[in-house]
Amino acid sequence: YQGTEHMVGVDGDADEAPAVRLGDAYPNPFNPRVDIPVEISVGGRVRVSVFTPDGRRVAVLLDEERRAGEHVLTWHGRDRHGEEVPSGIYFVRLESSTGYDASKLVLLR
(Lines give C-alpha, C1' and ligand atoms only; values in the text may rest on other atoms or scores of the structure.)
Protein backbone atom coordinates (compact mmCIF):
# COMPACT_ATOMS: atom_id res chain seq x y z
CA TYR A 1 0.00 0.00 0.00
CA GLN A 2 1.46 3.36 -0.94
CA GLY A 3 1.16 6.51 1.09
CA THR A 4 0.42 7.18 4.72
CA GLU A 5 -2.75 9.23 4.48
CA HIS A 6 -4.93 6.16 5.14
CA MET A 7 -2.97 4.71 8.05
CA VAL A 8 -4.61 4.28 11.39
CA GLY A 9 -3.00 3.83 14.77
CA VAL A 10 -3.87 2.59 18.18
CA ASP A 11 -3.80 4.87 21.19
CA GLY A 12 -1.16 3.64 23.62
CA ASP A 13 -3.55 4.17 26.57
CA ALA A 14 -6.31 2.03 25.06
CA ASP A 15 -5.39 -0.95 27.26
CA GLU A 16 -5.96 0.93 30.51
CA ALA A 17 -9.11 0.09 32.43
CA PRO A 18 -11.56 2.98 32.81
CA ALA A 19 -11.29 4.90 36.09
CA VAL A 20 -15.06 4.59 36.66
CA ARG A 21 -17.54 2.16 35.17
CA LEU A 22 -21.22 1.30 35.47
CA GLY A 23 -21.91 -2.41 35.49
CA ASP A 24 -25.04 -3.97 34.02
CA ALA A 25 -28.07 -2.76 35.98
CA TYR A 26 -30.36 -5.55 37.16
CA PRO A 27 -33.10 -6.23 36.57
CA ASN A 28 -33.43 -4.11 33.46
CA PRO A 29 -36.26 -3.50 32.53
CA PHE A 30 -37.25 -2.99 36.15
CA ASN A 31 -40.19 -2.40 38.47
CA PRO A 32 -40.15 -1.24 41.24
CA ARG A 33 -36.36 -1.07 41.80
CA VAL A 34 -33.08 -1.50 39.96
CA ASP A 35 -29.59 -2.18 41.32
CA ILE A 36 -26.75 -0.35 39.59
CA PRO A 37 -23.19 -1.67 40.06
CA VAL A 38 -20.52 1.05 40.17
CA GLU A 39 -16.79 0.41 39.87
CA ILE A 40 -14.37 3.11 41.00
CA SER A 41 -10.64 2.53 40.49
CA VAL A 42 -9.53 5.78 42.17
CA GLY A 43 -11.25 7.10 45.27
CA GLY A 44 -12.74 10.59 45.26
CA ARG A 45 -15.94 12.54 44.76
CA VAL A 46 -18.50 10.58 42.72
CA ARG A 47 -21.89 11.62 41.37
CA VAL A 48 -24.48 9.24 39.95
CA SER A 49 -27.57 10.85 38.41
CA VAL A 50 -30.64 9.67 36.51
CA PHE A 51 -31.82 11.62 33.44
CA THR A 52 -34.74 11.55 31.02
CA PRO A 53 -33.93 11.14 27.32
CA ASP A 54 -34.31 14.91 26.84
CA GLY A 55 -31.58 15.54 29.45
CA ARG A 56 -33.68 16.54 32.47
CA ARG A 57 -32.12 15.34 35.73
CA VAL A 58 -34.67 13.21 37.59
CA ALA A 59 -32.67 12.10 40.61
CA VAL A 60 -29.21 12.12 42.14
CA LEU A 61 -28.43 8.70 43.59
CA LEU A 62 -24.99 9.55 44.91
CA ASP A 63 -22.95 12.74 45.31
CA GLU A 64 -20.16 12.19 47.81
CA GLU A 65 -16.64 10.93 48.40
CA ARG A 66 -16.25 7.19 47.80
CA ARG A 67 -13.33 4.84 48.22
CA ALA A 68 -12.04 2.85 45.29
CA GLY A 69 -13.86 -0.44 44.82
CA GLU A 70 -17.16 -1.91 43.77
CA HIS A 71 -20.42 -0.41 45.04
CA VAL A 72 -24.10 -1.08 44.28
CA LEU A 73 -26.69 1.70 44.19
CA THR A 74 -30.44 1.16 44.15
CA TRP A 75 -32.98 3.37 42.39
CA HIS A 76 -36.67 2.93 43.24
CA GLY A 77 -38.00 4.81 40.20
CA ARG A 78 -38.63 8.04 42.11
CA ASP A 79 -37.62 11.61 41.38
CA ARG A 80 -35.72 13.94 43.72
CA HIS A 81 -39.03 14.81 45.46
CA GLY A 82 -39.90 11.18 46.16
CA GLU A 83 -42.60 11.00 43.49
CA GLU A 84 -42.84 7.96 41.22
CA VAL A 85 -41.64 8.66 37.69
CA PRO A 86 -43.61 7.25 34.73
CA SER A 87 -42.69 4.20 32.68
CA GLY A 88 -40.03 4.93 30.12
CA ILE A 89 -36.37 5.06 29.24
CA TYR A 90 -33.95 6.73 31.64
CA PHE A 91 -30.19 7.20 31.55
CA VAL A 92 -27.89 6.82 34.53
CA ARG A 93 -24.62 8.77 34.45
CA LEU A 94 -21.60 8.17 36.67
CA GLU A 95 -19.17 11.09 36.98
CA SER A 96 -15.91 11.56 38.83
CA SER A 97 -12.80 13.68 38.43
CA THR A 98 -11.17 10.72 36.65
CA GLY A 99 -13.90 9.91 34.12
CA TYR A 100 -17.52 9.14 33.41
CA ASP A 101 -19.80 6.38 32.14
CA ALA A 102 -23.48 6.12 31.24
CA SER A 103 -26.06 3.41 30.63
CA LYS A 104 -29.75 3.01 29.84
CA LEU A 105 -32.52 1.90 32.20
CA VAL A 106 -36.07 0.91 31.29
CA LEU A 107 -38.84 1.34 33.85
CA LEU A 108 -42.07 -0.58 33.27
CA ARG A 109 -44.93 0.29 35.63
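This is a predicted model: local features need pLDDT of at least 70, side-chain atom pairs count only at pLDDT 80 or more; totals for chains, interfaces and linings use all residues.

Visitor: How much space lies in the largest cavity?
Guide: A cavity is a set of points on a 1 Å grid over the protein atoms alone where a 1.4 Å probe fits but cannot get out, and lining residues have an atom within 4 Å of a point. Grid points are joined across faces, edges and corners, and the volume is the space filled by probe spheres set on the points. The structure holds one cavity of 30 Å³ or more, and the space in the largest cavity is about 30 Å³.

Visitor: Which residues line the largest cavity?
Guide: The lining divides into three nonpolar, five polar and one charged residue, where Ala, Val, Leu, Ile, Met, Phe, Trp, Tyr, Cys and Pro count as nonpolar, Asp, Glu, Lys and Arg as charged, and the others, Gly among them, as polar. The lining residues are I40, V42, G43, G44, R45, V46, S96, S97 and T98.

Visitor: How many of the residues of β3 are buried?
Guide: Buried means under 20% relative accessible area, computed with a 1.4 Å probe on protein chains only. By that criterion β3 is mostly covered, and the buried count out of its eight residues is six.

Visitor: In β4, which residue is the bridge partner of R45?
Guide: Two strands pair if DSSP finds at least two bridges between them, and β3 and strand β4 (residues 57–66) pair in the antiparallel sense over eight bridges. The two strands form a hairpin with five residues between them, and G55 in the turn has a positive phi of about 95°. The partner of R45 in β4 is E65.

Visitor: And in β6, what is the bridge partner of R47?
Guide: β3 also pairs with β6, in the antiparallel sense and over six bridges. Strand β6 (residues 88–96) in turn pairs with strand β7 (residues 99–107) over nine antiparallel bridges. For R47, the partner in β6 is E95.

Methods
Residues are numbered from 1 along each chain as its sequence is written. Side-chain values use heavy atoms; hydrogens and water are left out. On a 1 Å grid over the protein atoms alone, a cavity is a set of points where a 1.4 Å probe fits but cannot get out, and a pocket is an open set with protein on both sides within 12 Å along at least five of seven lines; lining residues have an atom within 4 Å of a point. Helices (H or I, at least four residues) and strands (E, at least two) are DSSP runs, numbered from the N terminus. Buried means under 20% relative accessible area, exposed over 50%, partly exposed in between (1.4 Å probe, protein chains only).
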